[in-house]
Amino acid sequence: ADLRASGSIALHLAVFASHIFTLIVLSMIGTDIFWPLLIVWIVSGCFCGWCVAQEADTPFRCLPNPVRVPFVFVVYGLLQWVQVRHIRRQFQRRVEHQVQPEHHVAQQAGDIESLNTITSITSSDTSGLSEQSEPSIFHARTFDAVFEGMPFALTNFFYFFSKLSVPCYYFRSAMYASGWLTVLSVAFGIVEVDYRVNEKVRHKMNLSPLWAVCFVVMRASEVAFRISVLVVWALIIWHKGQWIPMFGLCSVLWLSYTCVLKISEPENVAKDHIVAHGLMAISFFVVNPARFVKKVGYVRARNNVSVVMFFARWIEAIVLVATVVVETLRHSGSSFWKDHESAFFQTLGCCAVYLVSMPFGWLLESRAPPEDAVLELIPHRARRTGRVLRGAPRGLSSYLFNVGTGLTHRMFTQIDEQLSDFLIERTLGTGAYGVVVLVRQRSSRGRELKLADQRSYAMKLQCVSNHGPSEVMQSKKVLAERERDILRKLSHPFIIRLINYFEVPERSWVDASSCELIKDRHGCPQHFQKAIVMEYCPEGDLECFILKHSVSATSLTSTPTSLDTDFISSSSHRDWDDSMTWLLRMRVFVAEISVALQFLHAHSVIYRDVKPANTLLKVWGDGELHVCMSDFGGSKETMDGNAPESLAGTLMYAAPEILEIRHSGEKRQYSVAVDNFSFGRMILVMLWRTKFVSDEEELVMPDTEEYQGDHRVPGLAAELIKTLTQRNPALRGDLGALCAHPFFSEFAHLHRKCPAIQWARLTHGAP
């Protein structure tokens, strides 16, 4: 941290000294460019002085105001000593943060009140700090370095290549070196922004110094190339002796960039002030700072800006080349090309380096679909609430300003707009991937909802970090994103409905009801990164329903030969009646699950984890229970011949081809028939409805010899189960042909008639 702080301070002081040197040289020459640059330096100093005035611990408070104010303005403002102070504070916080994680969990467990608020929302904040408060890594100056450095770099390069009346060659060389030093400062500032807005960029840079060097080279060559292009334009216009077109061209480009940022604002957010767009548009002259933005809610805006900038850069390059060719042909006898060939060579060299380094940028750019919203959870002793920010809390320009580490991040701060509010009522379940909590939506888009209009949902908090893929399994992050993407595309009465998808701050959470850290099934404290809000099914899952109505393994083992008077009046008859009612209900559930699986297979989705625990129950308008398939984390789309080959599912219901992957440790491709096998095993458990005597939380999977001839599994059901659970996947049949299976037609069982399933009416009355 000390080394980084020293390097950042040294870079800032060197750049500041080079700017003073440039002003001195220009004043000696007596050029008109001196006054605009002096104004830039004074404005920058005034801004630094304003930043000092905003701080609570303003220096030299012991001095009287008539002495202190001018002194602070000159030293901390014009001389920019506030930047040195800011850099030191940044890296001091980094040292403090390196010590903090050791006591992080202990502090959370001991002090619930410290968890009352979370000050910011970020999906890429893997360090535990927000984007705004996280100490800088590369450079403590971001956009303030761009605004101040760009005109100085442009001036230094212009006076070097134009060979104007600079006092001596050494001064020209010093100005050229000053220009490159400013380019490096601007590049480091932009890399700092990229590091904060993209998790993949952060991961690659932390993983390998080579990636960090290549990324810095890419951004530095981009900045140098863009400034060199502006220098070539300035040389062409200076050669013609007409500066008004130069200012006109810059004004048109600036207005165009401002309009692009204004048009590309994220939806449903507080609109940025036009000043924010105008200031951000200045940086677009030399670099596209929004290129690597991966923040939830800003991806679509980023894509729009990047596409427009891509075409604008190509148009500008074509116009520049055409202008150079025309000027060369028109003035073939002049020394225009010869006098400025070094400027063209620098431009071509920077362009070549940038083109060579561009693949590193392509690999790090986000191509994921835009997220829907951001969720902020606020634990509290008496309650836990969550604020949902649909799209983004602010516009793209102010977001980029706020994410930076320089003093410019103080310019457009604003309170995040609360658009909806969830109250987390209790924990519904805990698993290896996270927890499921019950939430109630109390407000929507900033408007309080009446109690009658408040709805309850199930929120699945997912832990996806620090779990890479194994040899036969996908990473948790891939599975979580796959569940989101599949549920986005599916809409069916027998499939869980996705309400929204969020990013959540990565941290430990406290259960307000027990004041204990939320842990996974292994007893480890959980950190969550993603959340899925789905419809809530208060009736629970099918596994709990079966356990609640389970029977012992020794009861009802024989079938009556006749329905005489004594048998009808006995308790056994009531048991048989209950068994028949159970069969009829499970038969409808099986038909509904088959319809859901057929729908999934028709949309090229393999479920891969068919089991009662993943089948929820909900009451429709007809007052009857119906199934609702959930937990699509193990599912996979098979579009374009992308056959599944990884380990998935539950051991008790898994098909033989999946068990072979588990035993061999090698990936093998399989087909949609794995769902048929699991479905057959699930039908058997549903009809058998027997639990272990020693374990009330686990159902029994009987062997073939056990259920053959048992009244709980009719002969037609046994035939269906045998077909679905064939070891050869090609013999398991097609779920689409289940409608014609005799088990779903009318048949007699236990001296009662089982009516045929009305397939066309299964989805009637769906909510």
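What follows is one request and one connected answer.

Which residues of strand 13 point one way and which the other way, and how many bridges join strand 12 to strand 13?

Analyst: This is a predicted model, in which local features need pLDDT of at least 70 and side-chain atom pairs count only at pLDDT 80 or more, while totals for chains, interfaces and linings use all residues. Residues are numbered from 1 along each chain as its sequence is written, and side-chain values use heavy atoms, with hydrogens and water left out.

Strand 13 covers residues 625–629, and five of its five residues are buried, so the strand is largely enclosed by the rest of the structure. Buried stands for under 20% relative accessible area, exposed for over 50%, and partly exposed for values in between, with a 1.4 Å probe and protein chains only. Strands (E, at least two residues) and helices (H or I, at least four) are DSSP runs numbered from the N terminus. In a regular strand, side chains alternate between the two faces of the sheet. In strand 13, Leu625, Val627 and Met629 point one way, whereas His626 and Cys628 point the other way. Both sets are buried.

The partner is strand 12 (residues 615–619), which runs antiparallel to strand 13 and is joined to strand 13 by five bridges; strands count as paired if DSSP finds at least two bridges between them. Within this pairing, Cys628 of strand 13 has Leu616 opposite. The two strands form a hairpin with five residues between them, and there Gly623 takes a positive phi near 80°.

Lys618 forms a salt bridge with Glu535, with 3.3 Å between the closest N and O atoms; the criterion is a side-chain nitrogen of Lys or Arg within 4 Å of a carboxyl oxygen of Asp or Glu. This pair links distant parts of the chain, since Lys618 is in strand 12 and Glu535 is in strand 10 (residues 530–535), 83 residues apart. Both Lys618 and Glu535 are buried.

Tyr607 is in the loop between strand 11 and strand 12, and its relative accessibility of 0% counts as buried. Arg608 lies in this loop between strand 11 (605–606) and strand 12. Most residues other than glycine have a negative phi. Arg608 has a positive phi near 70° and is not a glycine; with a relative accessible area of 3%, Arg608 is buried. Beyond strand 13, Asp631 lies in the loop between strand 13 and strand 14 (636–637). Asp631 is not a glycine, and its phi is positive at about 55°. With 29% relative accessibility, Asp631 counts as partly exposed. Tyr607 and Asp631 are 24 residues apart along the chain, and their C-alpha atoms are separated by 9.2 Å.

The structure holds 17 salt bridges, including one between Arg712 and Asp710 (3.1 Å, N to O). Arg712 and Asp710 are both buried. Arg712 also lies over the face of Trp688, 3.8 Å from the ring centre; such a contact requires CZ of Arg or NZ of Lys within 6 Å of the ring centre and within 35 degrees of the ring normal. Arg587 is placed over the face of Phe743 at 5.8 Å from the ring centre. Glu746 and Lys753 meet in a salt bridge at 3.3 Å, N to O, and Lys753 counts as exposed at 58% relative accessibility. Asp194, Arg219 and Glu222 are linked in a salt-bridge network.

Aromatic pairs number 26 in the whole structure. One of them is stacked: Phe545 and Trp582, at 5.6 Å centre to centre with 10° between the planes. Rings of Phe, Tyr and Trp (its six-membered ring) pair if their centres lie within 6.5 Å, and planes under 30 degrees apart are stacked, over 60 edge-to-face and the rest tilted. Phe545 in helix 17 (residues 542–548) and Trp582 in helix 19 (residues 571–602) are 37 residues apart, and their pair links distant parts of the chain. Both Phe545 and Trp582 are buried. A separate entry is the aromatic cluster of Phe157, Phe160, Phe161, Tyr176 and Trp180.
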